[in-house]
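Please look at the structure first and then read on.

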Amino acid sequence: MNRLSPDEENAQNVVSGTAMPHLRYRISFGKDGPLRYCSHLDLMRVWERVLRRAGIPLVYSQGFNPRPKIQIAAGLPLGYISTCEILDIWMENDPLEPGSMLSALRLAAPQGLTINTIHLVALSEPALQSLTASACYQVTAKNSAIEPGMLEKRVRELLSQEHVWRERRGKRYDLRSLIRQVEIMPGTPLMLQMTLELSPQRGTGRPDEVLDALEIDALSAVVTRTTITFEASPDS
Amino acid sequence: MHTPEQIERALEQVLLRVERPGRYVGGEFNAVSKPWNSIQVRVALIFPDIYEIGMPNLGLAIFYDLLNRQPGILAERVYLPWVDMEAMLKRDGIPLFSLETKHPVSDFDVLAISIPYEQLYTNVLQVFDLSGLPLRSIERDETMPIVIAGGHACYNPEPLADFIDLFVIGEGEEAIIEIAQVVGEMKAANLSRNEQLARLAQLAGVYVPRFYEVDYQEDGVVAAIKPIREDVPFPVLKRVVPILPAPPTRFVVPNIDTVHNRAPIEIMRGCTRGCRFCHAGFVARPVRERSIDEIVMAVEDAVAQTGFEEIALLSLSSSDYTDVLNLVRTLGERFAGQRLSINLPSLRLETTSVELMESLRNNKRGGFTFAPEAATERMRNIINKSMPDRQVLEVARAVYSKGWRTIKLYFMIGHPSEKLEDVKAIADLSLAILAEGRNLHGRKATVNVSVSTFIPKPHTPFQWVPMDAIEQITAKQSLLKRELCGKGLRVSWNDPDETLLEALLSRGDRRLGSVIRRAWELGSRFDAWNEWRKHDAWVQALSEAGLDFHHYTHRTRPVDEVFPWDHIDIAVKKSFLAQDYLMSRRGETRVDCREKCFACGILPKLAIMRSKIPADAWKCPPVAPKIEPDEVSAI
Ligand code: SF4
C-alpha cells in the first residue's frame, strides 16, 4: 500500500495550506450476513461506496491514480464474521457531528455491515495496522465429530509444545508462537475461543491454521472475530 | 421441491468451498426483497452468465426497477453459477435459485432471460437444466414458469425458437409490465399453456414461435415463414417506447468486483450514422434523446443512491447527442471536486471529442478510445464510416498533448472486399499514432489496438454479404501481429473459431435448435469464454444434424433470399437495407440521416406513434397527425 504516514500527511496539509484541516475518524464495525463472503479488498470498495452514499468527503491521495484515504486495522479473511473491525477515515472537512455521521453511515450501510461507533482520533496517531497486538476469535465447529474430551486433549497437546512448525503458502512458520490462548467453551455445538497474535512485529495467527492443527474442518466452522486489542501505548 | 430455507442451509455448506462466493449470496445495497406470499406475479430476471458479467447489464437493471415499482409484481435476480459452484449444486441437488429470497427458479411465474449476444445460447439451456425444467418449450406445461426472452440477439429469435415460450422483439420497458399483468390475470383462469401463450401473443412486440411454421427449400434456404393461427401478428413489428422513460438510478451495488463497477445512464437510444456492419445502428432506430436536465438529475441521484465512483453515459454514439458539449460542461461543473469519474464512451474521432473529455475533468489514466474501424478511405466508404485520413493523426496529437498517454483503437477486419493492403494500413495508422505519442510522452505513450472480425449480422445492409474465408482472416491477423509488435503497442483480436460460431448463431434458423442442444449435451457452455468454448462440439453437433457452417456463414446471397428472420420487423424496410447494400458495392456512402431522411421505413411503420409525440422527441422528421377514424366519428 502506498499511503503517506500521518506525519507526512500533516506536513502536506501545512504545505498546501488547506483552509480546513483534515480530520481523522475511527469507526468500529461488524461484518456478517452476505458480507461474510466478501474479501478484504472488496470490503474496502464497499466502504468507499458507503462513505460516498453517506455524504462524507474523503481525503484522496495525490498522483496519477488518487485513492481515498481509508485504513482497516486488520484484513479479515473471506468467510469470517466480525463484530469488532476498525476503520480509520480521513475527511476533507467537518460538515457532520459524529452523531449524525453515525446515523448517515447506518443508513448507507449494506446488509451485513453494522456500524458500532465512530469517534475522532488525532491525525498524528500512527497507522492503524501498526497499533494492533492480538485478536480474539470465537469458533463454532458445526459438523465436527470430535467429542469434547478428545478435543481437550488435542488443545492441551498443542499448547504444551514449544514450537508447532507448519507451512503456509510455501513458507515455514511456528504456529505456536502466534497462539496466546485456546479455550474450549461448554455446550453444543462445539465452541472454541482463541486469542492469537495480530502484530506487525510478531506476525498474525490464523484461526483456520489452529483449527487445522486441531484436526477440525475449518471450512465448515463459523469463525467470528470478537476483539482486536491494541498494543499498550507508552503514553497512555 | 426445495424451500428457500433449505437452499440457504445447503448453500452455507458449500459457499466457502467455491471461488468468489459473494456471487451467490445477494443482500447488496438497493436489492429489493418483497414478501413472496403476498405478491401475485413473481418474475425471475435471468442473465445467463455469471454474476460479474450479468450485474452491470443495464437492460435487467431497468426491468428490475420497473417491475419492483409495481405493487402486485416482484422481480428477483438469477445468474448462472460458475463451473465449480455448478458441480456443488449438482452434487448436493440444489436447484438454481434467486439471489433475493433464494427461491428455486422453477417457483417463479415468469422467467425473463436477457440475451444480448448469441454466445449465451448454450447457457440458456444450462439455466433450464439447473432449474430442473424441461429444455423445450412444448415440454413445459402450465404448472411451470412462462419463459420469455429479449435483448439484441433476439432480433433473430429462430435459433432459440424451440426453447423459449415467447420473445419480446424490441424494447421491453412497456411490454414486460403488460406481460406480467396478463400473467397475473390468467393465474386464476386455469388455462392451458397454449391458451396462455395465445393470449400473450396479442400484446404488441410479442413473438410466440410455436404459432409460426417454417418451410425450407431443398438447398436449406428458408422458403417461407407462416403463422399457423389467425390471431397472431405477421410480421411481428418490434416494440418501441415513443419517449424514453426516466432512467433507473437505484442500481443494486455489488459487494464484489464486477466487469463494470459503475452506474450506467443511457443518454440517447438509437443511431442515425448508418454504419453498415452495425446491428444496433439499424435495430435501435429511431433516435431518442434524454434532456440535459434529466441526465444531470439522474447522475446526481445515482451517485447519492449507489455511491458508485464511476458513471457511464451510454449511447451508441455520444458525439451525436445534440448538445453534447453543453451536457459535459454542465456535468463537469456540477461534479467538480467530487472524485467522480464520468465516462463518455463511443466518441467520434474528431478534435471536439478531446474538448468533451477535458470538460468532464476525469483523471486521464483510462486512456482515450476511438473506433475508426477501417484505415483506408476505400474501406470506410464500403462500411459507410467516412472520415478524412489527416484528421486521425491530428486528433491523436491533440489527445496526447492534453495529457493522455494511451489511445485505444477499435478496428474491424474481415469484410470480403478488404484487401491485405487495407489491413496493412491499419498497422501503419496505429504506428503513426504511436509515433505522435512518442513525440510527446516518449516511452510512456501506448496504443492499444483491438481488432474484431466482421460478421454479416441480420437486419443490416451487410446481411447479404458472406463472412471472409477463415484463411483470409488468419492471413490478415498474422499480418497485423507481424507489423504491430514492439514496445508501446498492444494488439488483441478474436479467435476465428469464435467469430465463426457467432456468425453461425446470429444467422441461424430453427434447425439450429437441435444443434445448440447437442453442443450443450457435448459440454458446450460459456461459449463467450475462450477457455470454455468447445469448437469441436459445435462441428460435431452440426454434422450430426446434417448441417454445416458454410450454408450459414459463407454464402453470397441473392438479394431476394428469404432470411430466417424476415418475419421479424425492425421497422427498417428490407428494401432499404438492400439498396444500401448495393450502394456499398459501388463504394457509395450516405450521410447521417439527421441531415436528410432516407425513408428507411421507421416513419411509415411507426407513423401513428410519431404523430402523437412532440416534433423534437425523435430525430426523424415529424409526421403530420392524421385524424383517426374514431376521432372522426367523435366530430
Ligand atoms: S426515418 Fe429517416 S430520419 Fe428516421 S431513421 Fe429512418 S432514415 Fe433516419
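Q: In what order do the three strands of the open sheet of chain B stand?
A: This is a predicted model, in which local features need pLDDT of at least 70, side-chain atom pairs count only at pLDDT 80 or more, and totals for chains, interfaces and linings use all residues. Residues are numbered from 1 along each chain as its sequence is written, chains are lettered from A and ligands numbered from 1 in the order in which they are written, and side-chain values use heavy atoms, without hydrogens and water. Strands are DSSP runs of E with at least two residues, numbered from the N terminus, and two of them pair if DSSP finds at least two bridges between them. The pairing in this sheet is parallel, and the order is 10-13-14.

Q: Which residue stands opposite I265(B) in strand 13 of chain B?
A: Strand 10 of chain B pairs with strand 13 (residues 310-314) of chain B in the parallel sense, over four bridges. Opposite I265(B) stands L313(B).

Q: Which residues surround the ligand?
A: A residue counts here if one of its heavy atoms lies within 4 Å of the molecule. The shell is made up of R285(B), C593(B), C597(B), F598(B), A599(B), C600(B), I602(B), L603(B), C620(B) and P621(B).
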